[in-house]
Amino acid sequence: MKTALFDLNNIRKEYFKLVVPMMMSQLVSIIYGLTDGFFIAQTNNESIVAGVSICSPMFFILMALGNIFAQGGSSYISRMLGENNIDAVKRVSSFCFYATFICGIALGAIFIIFRTPMLYMMGASSETFQHASDYYTVMAFGAPLAALSFIHSNIIRCEGMAKSAMFGSVLGSVVNIILDPIFITGLGMNAFGAALATVIGYASSVLYLAVVVALKCKYININPANCRVKKAELRAVMPVGIIAAILNLVETTSNILLNQFLLPYGTGKIAAMGIVLRVARIPQIAILGMTFGGIPIFGYLYGQKNYEKLSELSRFCIKLLICVSLACSVVLILGAPVIIPLFMDTGTIVADGVEMLRWQMAGTVFASMVLLVNILFQSMGNAKRSFLLSISRKGVVYIAVLFIGSSLIGYTGVIAAQFIADMVSCIIALILYFKNPYLNNKKADLV
């Protein structure tokens, strides 16, 4: 029985059928992030705002764990659907679900055991420790649910079920948005309440998506009897997944370092950056939708060896991303003085936030190119090139720029570091893209 998941005669239409629902789910996720930040900021307590911001690396660590099996699995499953290897699809999808759940329990236990040293490593001080600890502890216990939320929202898209994936993600965010004002302000639970609302949101999403997989999916499944993989399949899933996780982990490391570099300038700088990073996620609605949302069709085309269509689609995505990311950047750069006070209308926070936001937005076009090329390589199972890009923009390049910039020009060097790292990483990404034979419709072997 052959799979016919996509109409390759209308490749752009099929692409938008995948990415638009993901963009919508990202939009709701951004609204959740902004709402969460808004209600936390309404406590008018810089220590609470900073305490929650300090814990942001936890999300990247949990995302990293989820993405080992979510992106590694979806990349491989997409290629197997293109090759019509349905047996592998069933086994790998089941394996990814249960492996993530077990690893999530283990990670949560590690979080609890090393709570105090990890909080101080992430930038906690005597002023912020208790608030950060409240948030951190709840998130640690919710680690398995957080990691699982990434699995089926990614994998079921491989079957073209982008709308169901969107609804699952939206459901979790909506539950979170509803519970935020109740827990944070209504019950006065502050940071603890914000984390509790987040974990309940994850639980809602995981439950819904599990039902979708059980009742609607033809090939993806969570049957324990199928929870077995061959060595070759594990070797195909894990390298790509680990590279995706590295992308999240280096982002975690960079955020931890950023907090440490801002700490000498005061808690207010960390609080301002926490708000800015939430606002800066707005362009990610488009960027993440048009990159991660395209994984199923990128992998499917590669699995079919349809390099002409893959090359055509990748070039279209580059043009589209440049236009959309430029538009988002201009709006946020110009609107920064209006946007930041919506969260915390304190003179120093607004002034710092406006400057920080403008630097963050300046490199959005470059960042979008890096992410797109990275996702294309992930979809093709090219772990080496994906690894190189994963450790550049938020990793080696960013960390080097952060140290050099702070040494040379101090505070400005710290907040401008991401912009410079984005430019350098974009040059690397484009070189790799244009040298790739498949993305340029050449059927030579990859080096």
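Helix 13 (residues 284-291) has seven of its eight residues buried, so this helix is largely enclosed by the rest of the structure. Buried means under 20% relative accessible area, with a 1.4 Å probe and protein chains only. The buried residues of helix 13 are Ile285, Ala286, Ile287, Leu288, Gly289, Met290 and Thr291. Helices are DSSP runs (H or I, at least four residues), numbered from the N terminus.

This is a predicted model: local features need pLDDT of at least 70 and side-chain atom pairs count only at pLDDT 80 or more, while totals for chains, interfaces and linings use all residues. Residues are numbered from 1 along each chain as its sequence is written, and side-chain values use heavy atoms, with hydrogens and water left out.

| Core | Size | Residues, including |
|---|---|---|
| Largest | 78 residues | Tyr15, Ile297, Phe298 and Leu313, with the most contacts inside it |

Leaving aside neighbours within four places in sequence, Tyr15 is in contact (heavy atoms within 4.5 Å) with Met290, Gly294, Ile297, Phe298, Leu313, Phe316, Cys317 and Leu320.

Helix 3 (residues 56-83) packs against helix 14 (residues 295-303) at about 45°, the axes being 7 Å apart. Axes are lines fitted to C-alpha atoms over the stretch in contact, and angles run from 0 to 180 degrees between N-to-C directions. Among the residues making this contact are Gln71 and Arg79 of helix 3 and Ile295 and Tyr300 of helix 14.

Note on methods: Helix = DSSP H or I, 4+ residues; strand = E, 2+ residues; numbered from the N terminus. Buried < 20%, exposed > 50% of the residue type's maximum accessible area, 1.4 Å probe, protein only. Core = buried A, V, L, I, M, F, W, Y, C linked by side-chain atoms within 4.5 Å.
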